[in-house]
Amino acid sequence: MIRVLFVLLMATYSTATYAQSLVQNMQVTAALDALAPLNFEHSQDNKAHLRSAELMLYGPLDPTFDMLLNFAAHSEEGEMKPEVHEAYLSSSKLIPSSRFKLGKFFLGVGRLNQFHTHDWPFISAPRVQAEFLAEEAVIDTGGEFSFLLPLDSYWDVTVGITNGYTFGSHLHEHEEEESEHEHENEESRRPHVPTHYLRVVNFQDFGNSRGLQWGLNYLGRTSGLGQQTQLYGLDVVYKRTSGKTVDFLFQSELWYRHLSAPAEDLDQEAGAYAFAQWALSEQFYAGVRLDLFKSFSLNFEGTTERQDNLNYAIVPTVTFKNSEFTYFRAAYVLDTQKLQRQSDQVEQTLQLQFVALLGAHPAHSF
Amino acid sequence: MKLRLGALILLVSVDALAKINVVTTLPDIAEVVRAIGGDHVTVQSLLSGSEDPHYAEARPDFILKVNKADVVCSMGLDLEIGWLPKVLSKSGNARVQPGGKGYCELGRSVETLNKPTGRIDRSLGDVHAHGNPHFNLSPRKLGESGGEVLKVLSSLDPANKSEFEANYSKFDKTMNELEAQLKSQLGKMTVMEYHQEFTYFFNAYGLNSVGSLEEKPGVPPSAARIAKMAQIAKKNKVSVLYATAATPHKIRERFEELSGVKVKTLPSYVQSHQDPKTIEALQKLLVESLQ
């Protein structure tokens, strides 16, 4: 796989760097996302590493269909593991007011889940994203169909169904794979209900380059072992732009998860994050994120008595954008776990990141 | 039978009266389309002229407007590359996507300036491989660009082709006359710009430009660059440096302080919600700022 990546990189390097916009058919983007965490409590985790290296090829296949192929290598426990990250056929020309994808892709639910980590406005995943979805995004193979409702205001509806054999981050997937072998492939059984999801999005224009997008999300899946997952979410993005900069950004997601299994207790959890960012100049941005996470079904060990709990984090973040293609970011994470009748557990981390994008111009998504 | 025939005639009449729904990226292009399409088009611009069209985002309200459009007209030359492709693909409207009958890039008809030669990569800054895309500040170039609008409208509504052709000739003539008239009011002057978005204006009116304050397009100039250009401006007796509202204040002030040259903040596009609301008004504003 590494060899394939290397050959592709070398083969595309000349076109990508010399005259990208003159490449008539295929667009090429290479992206690096590097991190250096400095955990104050667990110094053994402090290691600069490449979080991901991606090579994405995309373009029209013919007058009707497009294709995207994204190879990525992710750092997992210190080792770069390459994989086909996304690979899908898509079209926005076949059915009026609609678009669809077939293949392997980031599921079109929530806000963060639809973007690569190098396109996020902060460094690390809020706990709600990591716990309920994945460290980057839930990736699966299946089909997704989106359509614009024929109304005077913007209402975009997405429905999707994917095979659902795995769910969550790569790390979770690998863990599941190991677990599968250990437990005689119990988890790799055909899921009782494959992963299915629905997202409805609306947009409100407030004039003067201000706009708010909000979405309602549902995702469900029942694993081969009968564990049922139901996720309900609300995501909000507000932007105010001035000239060439987004001078104020507010982004938030609120999720509720309901887990149930035939022989297990009901598990209910909720989490949210809210991030606000101001442009200090064309190149400098400062923001702060607040994360919240709570379990409604946590018991004191060995009892049926509920244990009150709350996990929260405050994450101030600064970003320097050298250009649209290179930026540097620093964040401080103050994470506090409160458990009833226990002392608070506090963890502090300083994170440094750089992102580099080579090749085709990245899309300015709202 | 008579009723059916009547209904058919009514349907045909309604169809004949249906206007072509055109969405443009900028108000400047909207004016070109209105001039050529006349009563046969309805036109709305996605941007209001106050934004930087290179850094705009694929807003959902843009997607909705494009979803309902028969034609989408853009400047092209990669000016809107960051957001327009996303808007087009998310609209689910095959008519206006590349290859569709309603896809219209005005820059295709324009002989561009600052076309880079040799190796092109991002070490050169935000370079456009097909040349400087800010041709809207030359009335004559805007006239040229109307050729693309004529092609697309004539293809969609061949019954009114001759009217579109007549409108186009009139528009092209008006633009050429406007440029000639305003040029006669200006003498020889030496000017500068912050970003290469006034280049076509300088070129159209025979103004001598000593260059841009940005060393590389889209990259804010360093302190050394500002100092160097301030020296050049002094030496060449530059009258004015043209900038837009997006130009960083500190850079503007520093350059003024070092060079003694007045920096004028002016719009580089027609504005939807405030003056200047027409191509002519914008040109006159720019010319008057030199007098």
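Predicted model: local features only at pLDDT ≥ 70, side-chain atom pairs only at ≥ 80, totals over all residues.
What percentage of the 366 residues in chain A is made up of buried residues?

Figure 1. Buried residues account for 49% of the 366 residues in chain A. The secondary structure of this chain consists of three helices and 16 strands. Among the contacts in chain A between residues at least 6 apart in sequence, 56% link residues that are at least 24 apart.

**Figure 2. Helix α4 of chain B, residues 84-91.** Four residues of this helix are named as buried: Leu84(B), Val87(B), Leu88(B) and Ser91(B). These residues lie on the same side of α4(B), because they cover an arc of only 95° around the axis. Just after the helix, Gly92(B) adopts a positive phi of about 65°.

**Figure 3. The interface of chain B and chain A.** The size of an interface is often expressed as the accessible area that is lost when the parts come together. Here, chain B and chain A bury about 3,300 Å² between them, and 52% of this area is on carbon and sulfur atoms. In chain B, the residues that lose the most area to chain A are Glu57(B), Pro60(B) and Arg122(B). Together these three residues supply 20% of what the side of chain B buries. The contact involves 38 residues from chain B and 41 residues from chain A.

**Figure 4. Salt bridges and polar contacts between chain B and chain A.** The count of salt bridges between the two chains is three. A salt bridge joins Asp152(A) to Lys68(B), with the closest N and O atoms 3.5 Å apart.

**Figure 5. The side of chain B that touches chain A.** In chain B, α3 and α4 each supply at least two residues of this side. The helix α3(B) gives the most, with five residues. By residue class, the side of chain B that touches chain A divides into 15 nonpolar, eleven polar and twelve charged residues.

Note on methods:
Residues numbered from 1 in each chain as written. Chains lettered and ligands numbered in written order. Heavy atoms only, no water. Buried < 20%, exposed > 50% of the residue type's maximum accessible area, 1.4 Å probe, protein only. Arc of directions from axis to C-beta. Contact = heavy atoms within 4.5 Å. Buried area = accessible area lost by both parts, 1.4 Å probe. Salt bridge = Lys/Arg side-chain N within 4 Å of Asp/Glu carboxyl O. Polar contact = N/O pair within 3.5 Å; in protein donor to acceptor, adjacent residues only side chain to side chain. Nonpolar A, V, L, I, M, F, W, Y, C, P; charged D, E, K, R; others polar.
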